Amino acid sequence: MSFSLPEYHAPDFASLGLDNAIDAGLAACETDGIAPEGYHSTSIYPEYFRIKGQWRLAEESRMDASVVVRSDGRLDVVENRGLRKGDRVILGRSENGEEGVYVHTVGFTPTKENGLADRFVFRQGRSRETSYARDYDNLLALLRHEREHGKIVWVMGPAFAFDAEAREAMEKMIGAGYCHGLMAGNALATHDLEGAYMHTALGQDIYTQQSRPNGHYNHLDVINKVRACGSIPAFIEEYGIDNGIMYSCVKNKVPFVLTGSIRDDGPLPEVIGDAYKGQSAMRDMLRDATTVICLATMLHTIAAGNMTPSFRVLPDGSVRPVYLYAVDAAEFVVNKLADRGSLSATSMVTNVQDFIWIVAGGLGVIGKHG
């Protein structure tokens, strides 16, 4: 299956009757971290702002942030906690252009594939009963394209670390160039390293799922050793680790962001304990991502979804979509992002171990299962 990016259609402001619209309102912040009254909050979609008689696209966006007009005319999308006194922030709560703010939701809207206009049809949502064969085909084609032309970021929960074959599949996906960044929590990294060092995760053998005697100490022992080494790469080198997800990231120089939670053991040295510093590190990794695949982690999935716009402006000025996949065994998790737009989000209700094996097999990274 071949892949081609859909063409972006910028709004025609003349046909919309917005050629002579008013400029967007501006107000200066009076205090650090506090937006002025009436500030405009951004969405995942391309947004245009009328500045000095010209409609301009805010190129690096994210959900739930403010737009600051810099002295050189640049438009910066900034989380409200990052605003500084004196920043000129765009105002406006309407999004149809009448206040100089236009949210463009149909820039990538595909042509309808059929003429069905029935108001009642089966299988409009995404559930365990949904057929995902076409989704897999589309994803495989997308990943082949993105390996050379985009930036693929994986957002992973610890479920991967509990299964030997899932760890192997993801390790080889990273080695084959299908991962340009990894985001996870303390648990994924800890249990992956436990699997590499002791062949267990939470004390259970990662293949047979049999519990080992005193196995509940295993992950704590691994954390202790990593902390004694000072870093994950140092632990990998000192203890001769030669397999797993974190090993493959280190070996292939793939950057990773690990963010902590209140329940963490340890944590590992690289885990960012400050929630807002962690959020900023995630945002930096996602800033130029073009495909984001979120797997078996509700909080990281929602966080990544909120930080990821539905579009990206490329260096040549062209605009392309950002693809977001949410994969989980729980329908609630994947459908949390169902309103992000048909081209920017695909949800799949399935076991993530099976998912990664199908994807890696389809790409020829591993042999067929069984």
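Reader: Which residues form a nonpolar patch on the surface?
Author: In this predicted model, the patch consists of Met298, Leu299 and Phe332, whose accessible area together is about 340 Å².

Reader: How do I read the open sheet of six strands?
Author: Strands of a sheet pair through backbone hydrogen bonds, in either a parallel or an antiparallel way. Here the order is E12-E9-E8-E13-E16-E17, and the pairing is parallel. Strand E12 (256-259) and strand E17 (345-349) are at the edges; each has a single partner strand, so one side of each lacks a neighbour in the sheet. On average, neighbouring strands are turned by 15 degrees against each other, direction ignored.

Reader: How many bridges join E13 to E16, and what packs on the sheet?
Author: Five bridges join E13 (residues 291-295) to E16 (residues 323-328). Thr291 stands opposite Tyr323 in E16. Helix H1 (residues 133-149) packs on the sheet and touches E8 (152-156), E13, E16 and E17. The direction of H1 makes about 130 degrees with that of E16.

Reader: Which backbone angles deserve a look in the loops?
Author: Gln209 is not a glycine, yet has a positive phi of about 65 degrees. Asn214, also not a glycine, has a positive phi of about 60 degrees. Gln209 is in the loop between E11 (204-205) and H4 (218-229), and Asn214 lies in the loop between E11 and H4. Gln209 is partly exposed at 36%; Asn214, at 52% relative accessibility, counts as exposed.

Reader: Which peptide bond is cis?
Author: The bond from Gly266 to Pro267, with omega near -10 degrees. Pro267 is placed in the loop between E12 and helix H7 (275-286).

Definitions and conventions. Residues are numbered from 1 along each chain as its sequence is written. This is a predicted model: local features need pLDDT of at least 70, side-chain atom pairs count only at pLDDT 80 or more; totals for chains, interfaces and linings use all residues. Side-chain values use heavy atoms; hydrogens and water are left out. Two strands pair if DSSP finds at least two bridges between them. Helices (H or I, at least four residues) and strands (E, at least two) are DSSP runs, numbered from the N terminus. Axes are lines fitted to C-alpha atoms, for helices over the stretch in contact, and angles run from 0 to 180 degrees between N-to-C directions. Contact means heavy atoms within 4.5 Å. Patches are made of residues with over 30% relative accessible area and no salt bridge: like charges are joined within 9 Å, nonpolar side chains (Val, Leu, Ile, Met, Phe, Trp, Tyr) within 5 Å. Accessible areas come from the Shrake-Rupley method with a 1.4 Å probe; for residues, only the protein chains shown count as cover. A salt bridge is a side-chain nitrogen of Lys or Arg within 4 Å of a carboxyl oxygen of Asp or Glu. Buried means under 20% relative accessible area, exposed over 50%, partly exposed in between (1.4 Å probe, protein chains only).
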